[in-house]
Amino acid sequence: EFVNRYGVSRTVWREALRAIEARGLIKVVQGKGVYVQKPGLWTVIDPMRQLLRDQSITLKHLMQARSILEPEIVRLASLNAQEDQLEILEHDYARMTKTLDNIEKNVAVIKDFHNHLAYATGNPVLAIMIWPIIALIPNFIDLFSTMPESSRKVCENHDKILAALKNRDPDSAEAALRTHLIEVMKLFENRSDEDFSVIKEE
């Protein structure tokens, strides 16, 4: 029907459907039809990833956004986290200490820690807001790999964040989180803008 209506070939139509399906917007079921998918967080991540590739946003921008959102996230998490959520964060930290010599795995675990931290607030809106930002950090894995010494310092900072969470101390949790973000930015303060814009292609 669409082929006839718009005057395109079946090959072009199939390629268009594949491209749309790859973005998660539709699901093509052979022999049944095409179904619209429920929107998810990918609808935010994909455009942001393209903006990174276009150098419209950089790692500095992502870190600035984190510095606005995460201090409040960690405060709420210290007050609202359930025991099982604290156990998950402890598990993340344990994995962090075991992957210090593998920067790619270590950054992936750090991403998990911060995602779980957001969900521990009990506020799904905050989790949705921070998740796309955190999800894009591993795209800079090549930049992180030039500073292997940073992994141990980052790990130490997360130990302090976790301790404050377990003590239900929002002030200490926020202070530890802010220190972590400041120190991460210091690691990159001598980098050029080009460094901040280059991302790892997936």
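Axes are lines fitted to C-alpha atoms, for helices over the stretch in contact, and angles run from 0 to 180 degrees between N-to-C directions.

The structure is a predicted model, in which local features need pLDDT of at least 70 and side-chain atom pairs count only at pLDDT 80 or more, while totals for chains, interfaces and linings use all residues. Residues are numbered from 1 along each chain as its sequence is written, and side-chain values use heavy atoms, with hydrogens and water left out.

**Stop 1: the whole chain**

Show the cartoon. The protein has 11 helices and two strands; these are DSSP runs numbered from the N terminus, helices being H or I of at least four residues and strands E of at least two. From the N terminus, the order of elements is α-α-β-β-α-α-α-α-α-α-α-α-α. Of the 202 residues, 38% count as buried, where buried means under 20% relative accessible area, exposed means over 50%, and partly exposed lies in between (1.4 Å probe, protein chains only). A contact means heavy atoms within 4.5 Å. Among contacts between residues at least 6 apart in sequence, 72% join residues at least 24 apart.

**Stop 2: H6 and H7**

Select helix H6 (103-119) and helix H7 (residues 124-136). Their axes are 9 Å apart and the angle is about 175°, and therefore H6 and H7 are roughly antiparallel to each other. On the H6 side, the contact is made by Lys 111, His 114, Asn 115, Ala 118 and Tyr 119; on the H7 side, by Ala 127, Ile 130, Trp 131, Ile 134 and Ala 135. These residues divide into seven nonpolar, two polar and one charged. Here Ala, Val, Leu, Ile, Met, Phe, Trp, Tyr, Cys and Pro count as nonpolar, Asp, Glu, Lys and Arg as charged, and the others, Gly among them, as polar.

**Stop 3: H4 and H10**

Next select helix H4 (residues 59-80) and helix H10 (residues 170-187), which pack at about 160° with axes 8 Å apart. That angle makes H4 roughly antiparallel to H10. Residues of H4 in the contact include Met 63, Val 74 and Leu 79, and those of H10 include Leu 177, Leu 181 and Met 185. The contact of H4 with H10 has 10 nonpolar, three polar and seven charged residues.

**Stop 4: H9**

Select helix H9 (residues 150-166). How far apart are its end C-alpha atoms? They are 25 Å apart, which agrees with the 24 Å that 17 residues should span at 1.5 Å a residue; the expected span is 1.5 Å times one less than the number of residues. Buried residues in H9 include Val 154, Cys 155, Ile 161, Leu 162 and Leu 165. Among the elements covering the buried residues of H9 are H4, H5, H6 and H10.

**Stop 5**

Step past H9 to Arg 168, in the loop between H9 and H10. Most residues other than glycine have a negative phi. Arg 168 has a positive phi of about 55° although it is not a glycine. Is Arg 168 buried or partly exposed? Arg 168 is partly exposed, with a relative accessible area of 31%.

Finally, select Leu 86, found in helix H5. Leu 86 is buried, at a relative accessible area of 4%. Not counting residues up to four places away in sequence, Leu 86 touches Ala 81, Leu 165 and Arg 168. Leu 86 and Leu 117 are 31 residues apart in sequence and 8.6 Å apart in space, C-alpha to C-alpha.

Notes:
Parallel < 35°, antiparallel > 145°, perpendicular 65-115°, else oblique.
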